[in-house]
Amino acid sequence: MKNCKLFSFKNIGIYMGLSILFGVNLSQAQNDSLVSYKPFSVSAHIKNMHIWHGFVVHSGAVLATSLEFNSKNEKFTFGFWGGGSFATTDVTNKNTGENVSAYYKELSIYTKYRFSDKFFIEAVTHNNYTGVEERGDKLSYWSYDKTQGYNFVDLNFGYNVTPNTLLYLATIINGGAGDYEILNDGSLKNSWTHYFEINSKVWQDKNSSLSVFAGGAWSFITDKTFYTESSGNIINVGTTYNKNVDIKGYKLPVDVTLMWNPEAEKAVLQLDITLF
């Protein structure tokens, strides 16, 4: 009987010890998980110009920032992207006919859902209100009047056919921001512009990589698009070189993008430095 009791007490002690140890480890794991998960993040970039889908949105230096929320499973993202310029651009005041200076200003909202490592869907409301008040219009951040030309929404799909190659399709919804054709009777016909791009990383080493891309835009229902003067054309061809520059132990990501728009006969070189 004594041996049985001793054996029983030993087992109880072992079970209690294991339970306490397991509980401590579980609590620690939960705490580690909470510490490692960071739902909010911010970033800042400084660029010599701002380009997008074959456009030179602003030809001067720009500071771009973002604030975003990411779900714990990393599938859902919701964020804000904003840009402001250091130099001005000229716009024409419709009331006086004079050219006035305006700084580039944009605050866009985006959301993305990743169904898998390969496939995602994304929606963006672009709000580029550069020069709205300077040209004599009333600024209304939530206005999507197609004739105002600064707010529009697009719905995008991305698919990684390989880890290094992305297929990207964007569609401007309901003809925002001047994405329309003026018919003979003066009415406006929405073009619903589609933009398709292939982006592929073709070379990589420890601290740098090189990607190439090509994109085109078209509309099935109008003779012009948001990006082109015709119903369809190649408008964005180029390459991006990325390098992590070592500055006293700090890795500073630097991107240099060579972009050529064959339709507009425009070629530019964009420098993009990620500050954090």
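Tutor: At 33% relative accessibility, F80 counts as partly exposed. Please keep in mind that this is a predicted model.

Student: Why does F80 count as partly exposed?

Tutor: Buried means under 20% relative accessible area and exposed means over 50%, with partly exposed in between. The value for F80 is 33%, so the residue falls in the middle class. F78, at 35% relative accessibility, also counts as partly exposed.

Student: How does one describe a pair of aromatic rings?

Tutor: One gives the distance of the centres and the angle of the planes. For F78 and F80, the ring centres are 5.5 Å apart and the planes meet at 85 degrees, so this pair is edge-to-face. The cut-off behind that label is an angle over 60 degrees.

Student: How many aromatic pairs does the structure hold?

Tutor: There are 15 aromatic pairs in the structure. One of them joins F40 and F69: this pair is tilted, with 5.6 Å from centre to centre and 55 degrees between the planes.

Student: Which parts does the pair of F40 and F69 tie together?

Tutor: F40 belongs to strand β1 (residues 40-47) and F69 to strand β4 (residues 62-70), so the pair links parts that are 29 residues apart in sequence. As for accessibility, F40 is exposed, with a relative accessible area of 58%, whereas F69, at 27%, counts as partly exposed.

Student: Which residues form an aromatic cluster?

Tutor: One aromatic cluster is formed by W52, F55, F152, Y195, F226 and Y227. A ring may also have a charge over it: the charged end of K112 sits over the ring of F120, at 4.5 Å from the ring centre.

Student: Let us turn to the strands. How many strands does the chain have?

Tutor: The chain has 16 strands and one helix. Twelve strands make a closed barrel with antiparallel pairing, in the order β1-β4-β5-β6-β7-β8-β9-β12-β13-β14-β15-β16. From one strand to the next, the twist averages 20 degrees.

Student: How many bridges pair strand β6 with strand β7?

Tutor: Strand β6 (residues 99-114) pairs with strand β7 (residues 119-127) over six bridges, in the antiparallel sense.

Student: What should I know about the backbone angle phi?

Tutor: Most residues other than glycine have a negative phi. In this structure, H53 has a positive value, near 50 degrees, and phi of K248 is likewise near 50 degrees.

Student: Where is H53 placed, and where is K248 placed?

Tutor: H53 lies in the loop between β2 (50-52) and β3 (55-58). K248 lies in the loop between β14 (232-247) and β15 (250-261).

Student: Is H53 buried or exposed, and is K248 buried or exposed?

Tutor: H53 is buried, with a relative accessible area of 12%. K248 is exposed, with a relative accessible area of 87%.

Student: What percentage of the residues of the chain count as buried?

Tutor: Of the 276 residues of the chain, 33% count as buried. The accessible surface of the chain comes to about 16,500 Å², and carbon and sulfur atoms account for 62% of that surface.

Student: Which contacts are counted by their separation in sequence?

Tutor: The count takes contacts in the chain between residues at least 6 apart in sequence, and 50% of these join residues at least 24 apart.

Definitions and conventions
Residues are numbered from 1 along each chain as its sequence is written. This is a predicted model: local features need pLDDT of at least 70, side-chain atom pairs count only at pLDDT 80 or more; totals for chains, interfaces and linings use all residues. Side-chain values use heavy atoms; hydrogens and water are left out. Rings of Phe, Tyr and Trp (its six-membered ring) pair if their centres lie within 6.5 Å; planes under 30 degrees apart count as stacked, over 60 as edge-to-face and the rest as tilted. Helices (H or I, at least four residues) and strands (E, at least two) are DSSP runs, numbered from the N terminus. Buried means under 20% relative accessible area, exposed over 50%, partly exposed in between (1.4 Å probe, protein chains only). A charge sits over a ring if NZ of Lys or CZ of Arg is within 6 Å of the ring centre and within 35 degrees of the ring normal. Two strands pair if DSSP finds at least two bridges between them. Axes are lines fitted to C-alpha atoms, for helices over the stretch in contact, and angles run from 0 to 180 degrees between N-to-C directions. Contact means heavy atoms within 4.5 Å. Accessible areas come from the Shrake-Rupley method with a 1.4 Å probe; for residues, only the protein chains shown count as cover.
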